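Have the sequence and the 3D view ready. This report takes the chains in turn and then looks at some backbone details.

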Amino acid sequence: MAERRGGKGSGKNAAKAAKHEAKASDKGAAGTREAAPAARLAVRKTYKLYLGGAFPRSESGRSYPVTSAGGEHLANASLASRKDARDAVSAARKAFGGWSSRTAYNRGQILYRIAEVMEGRRDQFAAGLGRATGAGPDEADRLVSAAIDRWVYYAGWTDKVAQVLGGANPVSGPYHNTSTPEPTGVVAVLAPQNAPLLGLTSVLAPVIATGNTAVVVASERAPLPAVDLAEVLATSDVPGGVVNVLTGRVPELGPHLASHADVDALDLTGAGDAATEFEQAAAETLTRVVRPGPDADAGEDAWLDPDPGTARMTPFLETKTVWHPIGM
Amino acid sequence: MIFEYAPAPESRSVVTLRESYDLFVDGEFTPAESGEYLTSLNPADETELARVAVAGAADIDRAVAAARRAQEKVWGPMPGAERGKYLFRIARIVQERSRELAVLESMDNGKPIKETRDVDLPLVAAHFFYHAGWADKLAHAGLGPDPRPLGVAAQVIPWNFPLLMLAWKIAPALATGNTVVLKPAETTPLTALAFAEICQEADLPPGVVNILPGAGETGRTLVEHPGVDKVAFTGSTGVGRQIARSVAGTSKRLTLELGGKGANIVYEDAALDEAVEGVVSGIFFNQGHVCCAGSRLLVQESVAEELLPRLKERIAKLRVGDPLDKNTDIGAINSAAQLERIREITDSGEAEGVRRWSPDCELPEKGYWFAPTVLTGVSQAHRVAREEIFGPVLSVLTFRTPQEAVDKANNTPYGLSAGVWTEKGSRMLWTAERLRAGVVWSNTFNKFDPASPFGGYKESGYGREGGRHGLEAYLG
Amino acid sequence: MPVPQTASAPEATTSRELRAFLHGLPGVDEVGARARAQDLATRSVKTTAKAQAIDLAISMVDLTTLEGADTPGKVRALCAKAALPDPADRTVPKVGAVCVYPDMVATAVEALEGTGIGVASVATAFPAGRAPMEVKLADTRRAVADGASEIDMVIDRGAFLSGDYLKVYEEITAVKEACGDAHLKVILETGELVTYDNVRRASHLAIRAGADFIKTSTGKVSPAATPPVVLVMLEAVRDHRAETGRKVGVKPAGGIRTTKDAIRNLVMVNETAGPDWLTPDLFRIGASSLLNDLLMQRTRLSTGTYPGPDHYTLD
């Protein structure tokens with residue numbers, strides 16, 4: 001994969017991409033070489049990082065070209081650096097106190113709002129997903145629906161999970177004793193490589209539904225849906241820093257996130273061959289680790305189960321047990 | 001007048017020690033192929049209690065294979081109700097032999113008989129009773145309709161609560177259909193071997209429980225063994241890191257219960273007499289050899305001058321000495337190495353300008369002893385406020401506002417326990433909600449129950465032991 | 001030891017000041033107080049320590065009869081027992097005092113003449129205390145005039161529970177004045193105060209009003225002298241001494257029937273108020289049947305055999 005420093009996106013590939021972008025909503029994923037009939041020059045989108053609620057370029061000034069499933073250039077994505085990862089962790093830490101102390105009801109409202117805003121942009125997501133994965137229009141549409149529904153699903157979980165996972169413990173003595181799940185903290189998510197929207201949503205939504213904040217490393221090959229999603233998050237009342245999206249290379253960003261002492265948990269779904277190395281690095285600060293599942297490298301279809309349950313929430317929850325005497 | 005309590009020693013005659021102990025593998029006591037032995041000492045007088053075989057790699061292979069056979073052929077397929085009955089049976093035998101086990105534990109560990117008798121042993125029996133009832137109800141544990149055992153569990157436990165930590169490990173593993181290979185701590189293997197006898201007495205099928213004494217090397221070989229499916233460790237954060245690294249990339253499930261530097265927050269409106277009791281039991285219970293000890297007292301400045309004299313007056317009444325004397329409050333430090341560590345870090349506090357106080361108390365000449373100690377003038381930056389001392393040493397810090405209390409309490413890489421003392425309910429809940437710790441004791445401290453999940457945040461480890469939550473660690 | 005939260009009540013006490021003082025005392029956590037008392041109950045007091053404790057306990061007994069059926073004959077018998085608890089063993093110490101109703105004071109004083117044992121009289125319309133103030137004072141004065149050296153008054157629990165602390169305070173100061181040279185024990189009747197917070201407040205209220213002793217109970221209400229109640233009262237006298245230097249006594253009464261109970265109380269005294277309180281001047285046990293159990297255990301300890309109850313006098 002090529003890499004640019006301070007690239008402006010000019011050149012032949014970029015021009016093709018611009019044409020592609022202009023036609024995308026009409027023709028879906030397939031690129032076209034026909035000349036655009038309209039005289040108007042399309043306004044291209046710049047894909048940047050999403051850090052602390054803002055959309056900066058990589059501090060390194062680097063970017064990398066992103067191609068469609070068919071190999072056509074789509075855009076240049078920011079190539080996040082170690083320092084961007086560090087900034088993302090700082091932003092996530094800063095946002096954690098506020099996000100985790102919101103009421104579960106309020107978090108549910110905000111997650112539902114994400115679904116609402118996505119619904120309004122479903123064509124954009126379908127087109128982007130088509131370009132990224134080669135999915136046809138119907139399939140892309142179906143996957144976008146599933147992704148939107150995934151936000152609705154977890155919106156409903158926010159104020160249930162404590163009741164399902166927590167409760168009163170009947171201890172042998174005059175004590176009130178309850179266990180409550182609490183968010184672990186800052187979660188670094190290496191998103192699935194081959195499931196850039198539904199897979200991404202499926203790993204991200206449970207993390208923030210439970211009150212954690214996230215640093216997401218988007219699919220390296222297909223990062224653009226993640227940036228589109230970041231734009232939805234930015235306009236859905238999700239406080240800045242709750243989700244931070246990095247685009248770039250897992251081998252470059254992963255080691256820093258895995259060993260970062262202020263990262264409390266690590267989802268290795270998109271780690272690929274480096275999963276063991278990252279798990280070893282995470283051991284240094286006892287970072288909680290979710291190993292890649294059997295479908296980690298599968299495509300979006302592997303993430304279609306409409307009821308994934310609590311399995312992706314529990315790894316990012318701590319159980320706090322509080323004792324208090326009962327007396328007059 | 002002076003009211004001296006005459007010596008009230010618990011009789012040792014209930015304990016019959018063998019000169020040497022073998023490994024417990026596949027239902028039998030068998031010599032170690034390693035041919036190595038360690039010697040377990042009584043830390044209160046440095047006498048040798050027994051020689052204990054050390055498990056080597058070949059012994060571990062044999063034990064893991066026995067556990068695998070037992071899991072696949074007997075224990076896994078057995079109906080849960082029957083598994084549960086074995087656990088009930090074990091619980092009953094523990095109760096029947098509790099005085100013997102309490103005395104043996106005090107001799108091997110150095111902790112006072114008052115604690116082994118009134119805390120450790122009742123909790124051991126309670127743990128088996130509690131988990132026995134789960135064995136045929138796992139489908140109702142909220143972990144899916146048909147949760148499955150993981151297989152063979154490798155369990156490594158510490159020396160501070162030898163038999164209780166064994167119960168915390170073995171009871172849930174067995175209830176969920178797993179079999180175990182357990183390594184007791186190097187300095188306290190004897191009650192685990194007594195437990196092996198109990199397994200025989202209960203007719204537990206061979207291979208379901210295997211006990212392999214040894215030191216660090218035995219533990220490392222065991223947890224790294226490719227034949228184990230689950231690793232459960234309680235001990236230091238340093239070793240916990242090594243284990244987490246060693247299981248990386250495998251399919252082994254891991255739970256870690258590691259160190260702590262618990263804060264005990266006393267607000268100005270606390271019930272002071274009970275707070276003093278809680279602070280004392282928070283740090284001096286079990287000689288402070290408690291991962292969840294309240295080793296940092298955070299007292300609100302407005303009440304510090306009132307609390308500290310009361311605290312010192314109370315500490316001066318603690319009775320340090322013979323662990324088998326029923327009136328002993330503080331027993332012996334478990335080992336020479338631990339005593340050295342406590343001394344080193346406490347001395348470092350003095351070198352850093354911390355004020356050190358201990359009551360007048362006469363310590364026995366033989367054995368490993370450390371007087372209860374209070375360090376004042378401590379700030380967050382001092383080593384004694386950051387590192388786990390694992391001994392009877394309390395660091396006292398002050399705060400001005402609730403937010404400052406919470407900030408200081410959380411300002412540690414650990415997150416196992418915390419205490420809150422206030423008579424104001426809303427402030428208690430506000431504080432408890434913000435403490436990043438797995439167990440929060442408010443207006444009490446160091447309470448344990450098999451139904452109550454225990455475990456840490458952050459570098460105090462992961463996973464929970466006890467309660468419904470603890471089952472998750474042993475089910476797939 | 002500085003104890004700002006138990007700062008002195010003002011000299012000229014007003015209702016508001018008294019209330020602020022009592023409500024400013026630290027709370028008592030019930031479960032914690034029970035746990036501490038329970039922990040102290042596990043102390044094992046054997047052999048020489050036990051022998052010492054038994055004799056001390058005997059010397060602290062306020063040998064009591066407070067029955068509607070009391071007669072001069074019954075009171076004289078009790079006094080004889082107080083002076084010579086075990087006719088078979090002259091080394092047994094004499095008890096702390098004899099405690100009777102006011103109309104029996106003269107009888108008791110006469111019976112105890114020359115023994116050095118004082119007579120304590122309950123007063124102030126014991127046990128309910130529901131009588132006009134002038135009646136309570138007359139009750140007290142008469143008992144003192146008849147020779148009582150100690151007066152065990154009851155507080156007005158109704159006034160206390162309704163928050164009228166000043167009324168309770170003023171009654172105590174008035175009775176104290178009526179006592180003259182007699183020592184005043186103030187009975188809190190903790191079984192009716194119910195909470196340990198109330199026990200602590202009532203203890204400090206009585207101490208501030210001039211009590212020489214604070215006493216748990218009349219013996220007519222259950223529960224009476226439970227270990228946590230005694231613990232909280234011992235904490236109160238400990239704190240008052242730390243603050244003012246004055247030592248106030250404590251008297252559990254009601255429910256202490258066995259040597260084990262008595263020794264547990266002494267352990268609590270030793271480890272709470274401190275060894276200074278291990279004297280009949282500062283700790284008494286109000287009891288009737290306890291004395292015989294102490295005597296039996298004393299014999300058991302010295303002879304190694306268990307004696308039967310018929311070896312001890314009934315009174």
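In chain A, residues 24 or more positions apart account for 74% of the contacts with a separation of 6 or more. This is a predicted model. Chain A holds 10 helices and 11 strands. It has 328 residues, and 54% of them count as buried.

**Where chain A touches chain B**

How many residues does each chain bring to the contact? Chain A gives 25 residues, and chain B gives 31 residues. On the side of chain A, the elements that give two or more residues are β5 (175-183), α10 (275-283) and β11 (317-325). The largest share, 8 residues, comes from β11(A). By type, the residues on this side of chain A divide into 10 nonpolar, 10 polar and 5 charged.

**Helix α3 of chain C**

Now move to chain C. Helix α3 covers residues 47-60, which makes 14 residues. At 1.5 Å a residue, α3(C) should span 20 Å. Its end C-alpha atoms are 20 Å apart, so the model agrees with that expectation.

Which residues of α3(C) are buried? They are C:Ala49, C:Lys50, C:Ala53, C:Ile54, C:Leu56, C:Ala57, C:Ile58 and C:Met60. An α-helix has 3.6 residues a turn, so residues three or four places apart point the same way. Look for that pattern among C:Ala49, C:Ala53 and C:Ala57, which are included in the buried set.

C:Thr47 is exposed, because it has 12 other C-beta atoms within 10 Å.

**Two crossing helices in chain C**

Find helix α10 (residues 196-208) and helix α11 (residues 227-244) of chain C. Their axes come within 9 Å and cross at roughly 40°. The two helices are therefore oblique to each other. The crossing of α10(C) past α11(C) is right-handed.

Which residues meet there? From α10(C) come C:Tyr196, C:Val199, C:Arg200, C:Ser203, C:His204 and C:Ile207. From α11(C) come C:Pro228, C:Val229, C:Val232, C:Met233, C:Ala236 and C:His240. The residues of this contact divide into 8 nonpolar, 3 polar and 1 charged.

**Backbone details**

Most residues other than glycine have a negative phi, and most peptide bonds are trans.

Where do the two prolines sit? C:Pro127 is in the loop between β3 (118-122) and α6 (133-145) of chain C. C:Pro223 is in the loop between β6 (213-215) and α11 of chain C.

B:Phe390 lies in the loop between α12 (383-386) and β15 (393-399) of chain B. Is B:Phe390 buried or exposed? B:Phe390 has 24 C-beta neighbours inside 10 Å, so it counts as buried.

Definitions and conventions: Residues numbered from 1 in each chain as written. Chains lettered and ligands numbered in written order. Predicted model: local features only at pLDDT ≥ 70, side-chain atom pairs only at ≥ 80, totals over all residues. Helix = DSSP H or I, 4+ residues; strand = E, 2+ residues; numbered from the N terminus. Expected span 1.5 Å × (residues − 1). Buried ≥ 20, exposed ≤ 12 C-beta atoms within 10 Å, placed from the backbone. Axes fitted to C-alpha atoms, helices over the stretch in contact; angles between N-to-C directions. Parallel < 35°, antiparallel > 145°, perpendicular 65-115°, else oblique. Left-handed = near helix turned anticlockwise from the far one by under 90°. Contact = placed C-beta atoms within 7 Å. Nonpolar A, V, L, I, M, F, W, Y, C, P; charged D, E, K, R; others polar.
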